[in-house]
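Notebook open, model loaded. I want to know what sits around the two ligands, and I'll jot things down as I look them up.

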Amino acid sequence: MTSTQRTQPRKFVIRVPATSANIGPGFDVVGLSLSLYLTLTVTVYHHSSSISIPESVISYSGEGANDVPLDIYKNLTTRVALYVLRCHDIQKLPSIILHVHNEIPFGRGLGSSGAAVIAGVLLANALGNLNLPQSRLLDFALMVERHPDNVTAALVGGFVGSYLNELEPATMEAVSVPLSEVLPEYPPDAGEDWGKSPPMAPLNIGHYVRFGWAKEIRALAIIPRFELSTAKAREVLPLFYSRKDLVFNMQRLAVLTTALGQSPPDPGLIYEAMKDRVHQPYRKALVPGLPEVTSRITPQTHKGLLGICLSGAGPTILALATEGFENIAHDAVQIFGERGVEVDWKILNIVGGSEVNPGWGTPDQTMIKCNLFYKSEEFKNVSPISGAYNSLRKLKFEGFQLAVLTARDKDMKDLTETWIERWYPGGLLKDVFETVYYSEDFTKTREIPSAVRADELVGTASESRLDKGEMCKNLQARLLIDDALENVRDCAGVAVPALLFGDYDWGNRLSVFRTTKDFLSFEERKEYEINQGNGMEWWMHDTVGFPLNGIWKVKDWQQVLEWFEGPGKHIKRNPTEPIAKKNEKVAALLSMYCDRVAKVPRGPEPCLQSRARILYDPKMNPIVRPTPPPIRAPILGLILEY
Ligand SMILES: Nc1ncnc2c1ncn2[C@@H]1O[C@H](COP(=O)(O)OP(=O)(O)OP(=O)(O)O)[C@@H](O)[C@H]1O
Ligand SMILES: N[C@@H](CCO)C(=O)O
């Protein structure tokens, strides 16, 4: 790192989802993360910087903007951050400019405070370079918010169950310190040392597990336009319950945690399993309309509804459904309206947990994400695109040799070839592919410009790797089939024709690293482009127009085959002898697979940086190439692009 870089202010983004706790019977136990976000954009000034350091400033937009304190010693998020930093002997927040954008309404049962607490813990972790593991982040969050349902779901995402450990008496005492000691309200006359020795969070306060979630289930949040603080909604709850009521809830919760993961979901099972006797009956006086909404909206009356309950401490009602959201919302609005309660509603997705630099981040951060994905089970289990196997077999029968070219490293050889054998059984070096070439694109280094000045052109020398065009040329490939524009363009540049497969962002826009702005994170780039007057959707300007010389667009495997009958006639071969009957059997067996491309959630930037594409579209992309020595069969180069 150069000294210029060191003195640049550091920027990062923290994004935390909303949550709904309880989901009926799981009082203080289960939580669900939802697609409304609290987003912090943080700029940190280093004291070694030559530029003048501003005082820390907080600005706030969105929900609660008029109510939230902007003093770092009063704001919930910065107070939590300060608490965590002080537990690590860092007494002050560095100078930061913090912009908070909040989509989670306050005091409605959608986990706004849990999100603010998690944001504070993540802020401290990033500011202090603490590198805390997730379990430790949770310990600190649980020192502040003592019921684990919201904070756990906000941190890890999805449908989550958690419990608090039974701790040793001494540790219990530490966890039971009054909240005012963990998060002191700084009095106006507070001196430098005030509140500097906060109670340390004990290890492993809470544990959690993620349950499955059926992908067709979404959430409808029906949000009354009044606030109900969690503290107030807990005051009305009894200290003791009858055995009958506890058994009622436990029976339902045991069923619910599995039932919501089953596809297709069973409305009869789920509706009953979302009933509760531990908190909702006591809170009905605080939420006029609650008993009526939950009893009058049922799977019998509303197609698509699975279950309905109070969200967290209320007053929001959460309906889980597969369809018919508008209808459910319409009737809930009416029932609330009869009681004089105005409501808003939102259809929400169940989302992943908190993220620092969500989306792909900078190219380096993208690479870290790619590498993590490579190690995941999801990656091992991606399936090829529909039609790939049969079309490739057809080309093989016609006398082309097929090769796989992948940008993977050689240390992924086993994984890659196991995958090929799985989806193209007996395929490698036999019925389908000739060989696999590893370009090791991911480990080749790039020269990163030392200072990020987005308007400065740094030339094209930033990549030392061998591009796909050069590789195809060296392999004497006659055609490349690939889904990335830069790869087909590289081929066209060395007179190897190429088919651009599919209709993806990365097939319509070039992802090259030519200027310093190509090294920015999505958020930084957006800010830069907006400042330049290019608007929010600046990437639309990157779209490359077609036709392009030597490149043909094909939307699927059928069109690949058609290309050989039209523009690619000149490289088409006379079919060789029909392949032995045994191969027909193999082809028939294979039609069971090959259906869908695995999808991994993508960030806000649609494939801004080239390599990001592998995360959400790992699949087979072919190229064509022929080698026509009369004795050897010609080669069709199949390029696997991940
Ligand atoms: N982003 C935020 N920044 C600062 N303070 C916040 C933020 N979000 C919430 N708070 C504080 O938390 C309070 C709401 O917390 P409360 O626990 O009562 O409700 P909730 O978290 O929205 O609902 P529930 O816990 O039932 O899901 C707000 O009134 C505000 O004081
Ligand atoms: N389980 C808590 C959630 C509050 O967000 C309650 O219902 O009080």
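Before anything else, a word on domains: the bounds I use come from an automatic or database domain assignment. I also keep in mind that this is a predicted model.

**Entry: ligand 1 and the domains.** I looked up which domains supply its shell. Domain 1 (10-210) and domain 2 (211-348) each give at least three residues to the shell around ligand 1.

**Entry: who is nearest to ligand 1?** I got 18 residues around ligand 1, with Gly 107, Gly 111, Ser 112, Ser 113 and Thr 230 coming nearest. By class, I noted nine nonpolar, eight polar and one charged residue in this shell. Helix H3 (residues 112-127) gives the most to it, namely three residues.

**Entry: polar contacts of ligand 1.** Thr 230 has a polar side-chain atom 2.7 Å from an oxygen atom of ligand 1. For Gly 107, a backbone N or O atom is 2.9 Å from an oxygen atom of the ligand. Gly 109 also uses a backbone N or O atom, at 3.3 Å from an oxygen atom of ligand 1. On its own, ligand 1 has 630 Å² of accessible area, and the protein covers 83% of that.

**Entry: ligand 2.** Which residues surround ligand 2? My list reads Ala 21, Asn 22, Phe 27, Asp 28, His 147, Asp 149, Asn 150, Thr 230, Arg 234, Arg 283, Gly 312 and Ala 313. Thr 230 turned up in my ligand 1 notes, and here it is in the ligand 2 list. Domain 1 (10-210) and domain 2 (211-348) each supply at least three of its residues.

**Entry: polar contacts of ligand 2.** A polar side-chain atom of Asp 28 is 2.5 Å from a nitrogen atom of ligand 2. Asn 150 puts a side-chain N or O atom 2.7 Å from an oxygen atom of the ligand. For Arg 283, a side-chain N or O atom is 2.8 Å from an oxygen atom of ligand 2. I then checked cover: the protein takes up 97% of the 260 Å² of accessible area that ligand 2 has on its own. Strand E1 (10-22), strand E2 (26-45), helix H5 (148-156) and helix H8 (230-235) are the elements that give two or more residues to this shell.

**Entry: the whole protein.** I finished with totals. I count 24 helices and 18 strands, and 53% of the 642 residues are buried.

Definitions and conventions:
Residues are numbered from 1 along each chain as its sequence is written. Chains are lettered from A and ligands numbered from 1 in the order in which they are written. This is a predicted model: local features need pLDDT of at least 70, side-chain atom pairs count only at pLDDT 80 or more; totals for chains, interfaces and linings use all residues. Side-chain values use heavy atoms; hydrogens and water are left out. Helices (H or I, at least four residues) and strands (E, at least two) are DSSP runs, numbered from the N terminus. Buried means under 20% relative accessible area, exposed over 50%, partly exposed in between (1.4 Å probe, protein chains only). A residue is near a molecule or strand if one of its heavy atoms lies within 4 Å of it. A polar contact is a pair of N or O atoms within 3.5 Å; within protein, one must be able to donate a hydrogen and the other to accept it, and residues adjacent in sequence count only if both atoms are side-chain atoms. Accessible areas come from the Shrake-Rupley method with a 1.4 Å probe; for residues, only the protein chains shown count as cover. Ala, Val, Leu, Ile, Met, Phe, Trp, Tyr, Cys and Pro count as nonpolar, Asp, Glu, Lys and Arg as charged, and the others, Gly among them, as polar.
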